[in-house]
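Biologist: I am new to this structure. Please take a close look at one part of it and say what the terms mean as you go.

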Amino acid sequence: MKKYMQGEYPVVSKKQLTDGIYDYVISCPEIAAIAVCGQFVNIKVNGFMLRRPISICGIDREKGTLRIVFEVRGEGTKKLSELEASDCLDIIAPLGGRGFELLDSSKKAMIIGGGIGNPPMLPIAEHYGANGTVISGFRNEKAVILQEDFKSCGGEVILCTDDGSAGRKGFVTDVLAEKLSAEKPDIIYACGPSVMLKRITERAIRENIRCQVSLEERMGCGVGACLVCACRTIRDGKEYYAHVCKDGPVFESTEVIF
């Protein structure tokens, strides 16, 4: 596992993107210097024993900041959302033994996010620029986030909602099938619900396209000690229980058993 560190770091900006979803920028120069896209931070919330793992949405090495976007899903993240700019966060980061592997920016990439799986896709879209195609899926218009950020990267951005209240009605996998029938990218990246990842993985394997997926599992420690976040994978042709925090959270699609 790559080096990580713990410390208290100030929140330099806070925004509420939509109902229950918050956007923080954190000043942590030594972490920003070594973080890679696909990794995550583990945040201590006062009054709660377990830390909250949150994907990294942005890395600015010049400014020494990380950006995180998270959804309130329980009392812990609700408490986290109540912090203000200038408050400090107790963070262990960067965590994740394997982030996304970025190819040369001249390669074609399909970048797919489902719901709160969209934030870790933003640094990938920034890397590929006009050569990246972003497909974002959400439940409805009220849940849509980061569309202007994705558009600013310069590539095609396609928005889908389950109910058709914004963008196209349908699922990201429907759009993926259409795009692949026209042109195959060099690589597919995806993060979101397991059902979505399973369908994307099946399609990528069928089309013989390399695909990397970021998995979400419940975590205790975030560093591989508690063994809570086990997931079924294939290694050397045999089934193997990997751990999302230590061995991932990013895996080659051919490694994962959904």
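Modeller: Searching the whole structure turns up zero disulfides, a disulfide being a pair of cysteine sulfur atoms within 2.5 Å. This is a predicted model, in which local features need pLDDT of at least 70 and side-chain atom pairs count only at pLDDT 80 or more, while totals for chains, interfaces and linings use all residues. Residues are numbered from 1 along each chain as its sequence is written, and side-chain values use heavy atoms, with hydrogens and water left out.

For cysteine 37, the closest cysteine sulfur belongs to cysteine 57 and is 11 Å away, so it is too far for a bond. Cysteine 37 is buried, with a relative accessible area of 6%; buried means under 20%, exposed over 50% and partly exposed in between, with a 1.4 Å probe and protein chains only. Cysteine 229 is in no disulfide either, and the nearest cysteine sulfur, in cysteine 245, is 3.6 Å away. Cysteine 229 is buried, at 2%.

Now the sheet. Strands (E, at least two residues) and helices (H or I, at least four) are DSSP runs numbered from the N terminus, and two strands pair if DSSP finds at least two bridges between them.

S7 (109–114) and S11 (187–191) are parallel, over five bridges. Isoleucine 111 stands opposite tyrosine 189 in S11.
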